[in-house]
Amino acid sequence: MANKIGKRISELLTERGISQKDLSIKANITESAVSHYVNGDRIPRGVNLAKIATALDTTTDYLLGVGETTDKDEDIALAKTLIARNAGDLSETERLELISLLTHKK
């Protein structure tokens, strides 16, 4: 997944004629972090992903590839990664909502 996000960021940088340094300035994140994301070494946390999307005039869904796969296992892996990476930033109410959504049975 990190490689997919990195590839999309890299493609957008090229399309828009923006350097990694320019992105780091526009998104207010370190050049090192941008480099790790582009190289697929790391997945940006939610807040950084949102900053990158805004700086590149795109959406977080596009960067994550949301809705582009029919592979349920890949979708679940993405959801787990996003939850794990951002769990500390969730409020108690958001945690309870998430638990409710995950345990809801149809």
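Among the elements of the protein chain, helix α2 (residues 20–27) has the highest mean pLDDT (97), and helix α6 (residues 72–86) has the lowest (73). Here pLDDT is the predictor's confidence in each residue, on a scale from 0 to 100. The chain averages a pLDDT of 85, and 89% of the residues score at least 70. Where pLDDT is low, the predicted coordinates should not be read in detail. This is a predicted model, in which local features need pLDDT of at least 70 and side-chain atom pairs count only at pLDDT 80 or more, while totals for chains, interfaces and linings use all residues. Residues are numbered from 1 along each chain as its sequence is written, and side-chain values use heavy atoms, leaving out hydrogens and water.

Helices (H or I, at least four residues) and strands (E, at least two) are DSSP runs, numbered from the N terminus. Of the 106 residues in the chain, 28% are buried. Buried means under 20% relative accessible area, exposed means over 50%, and partly exposed lies in between (1.4 Å probe, protein chains only). The chain exposes about 7000 Å², and carbon and sulfur atoms supply 51% of that area. Accessible areas come from the Shrake-Rupley method with a 1.4 Å probe; for residues, only the protein chains shown count as cover. Of the contacts with a separation of 6 or more, 56% join residues 24 or more positions apart. A contact means heavy atoms within 4.5 Å.

The largest nonpolar core has 20 residues. Those with the most contacts inside it are Ile 9, Leu 13, Leu 23, Ile 52, Leu 56 and Leu 63. Helices α1 (2–16), α2, α3 (31–39), α4 and α5 (60–64) each supply at least two residues of this core. A nonpolar core is a set of buried Ala, Val, Leu, Ile, Met, Phe, Trp, Tyr and Cys residues joined through side-chain atoms within 4.5 Å. Not counting residues up to four places away in sequence, Leu 13 touches Ile 18, Ser 19, Gln 20, Leu 23, Val 38 and Leu 56.

Helices α2 and α3 pack with their axes within 9 Å, crossing at roughly 120 degrees. Axes are lines fitted to C-alpha atoms, for helices over the stretch in contact, and angles run from 0 to 180 degrees between N-to-C directions. The crossing of α2 and α3 is right-handed. In this pair, Gln 20, Lys 21, Leu 23 and Ser 24 of α2 meet Glu 31, Val 34, Ser 35 and Val 38 of α3. Lys 21 counts as partly exposed because its relative accessibility is 47%. Its C-alpha lies 9.2 Å from that of Ser 32, 11 residues apart in sequence.

Helix α4 (residues 46–55) holds Asn 48 and Ala 50. Asn 48 has 16% relative accessibility and therefore counts as buried. Leaving aside neighbours within four places in sequence, Asn 48 is in contact with Ile 29 and Tyr 37. Ala 50 has a relative accessible area of 34%, so Ala 50 is partly exposed. Ala 50 and Thr 60 are 10 residues apart in sequence and 6.0 Å apart, C-alpha to C-alpha.

Asp 57 sits in the loop between α4 and α5. Asp 57 is exposed because its relative accessible area is 66%. Asp 57 and Arg 16 are 41 residues apart in sequence, with 9.5 Å between their C-alpha atoms.

Technical notes. Left-handed = near helix turned anticlockwise from the far one by under 90°.
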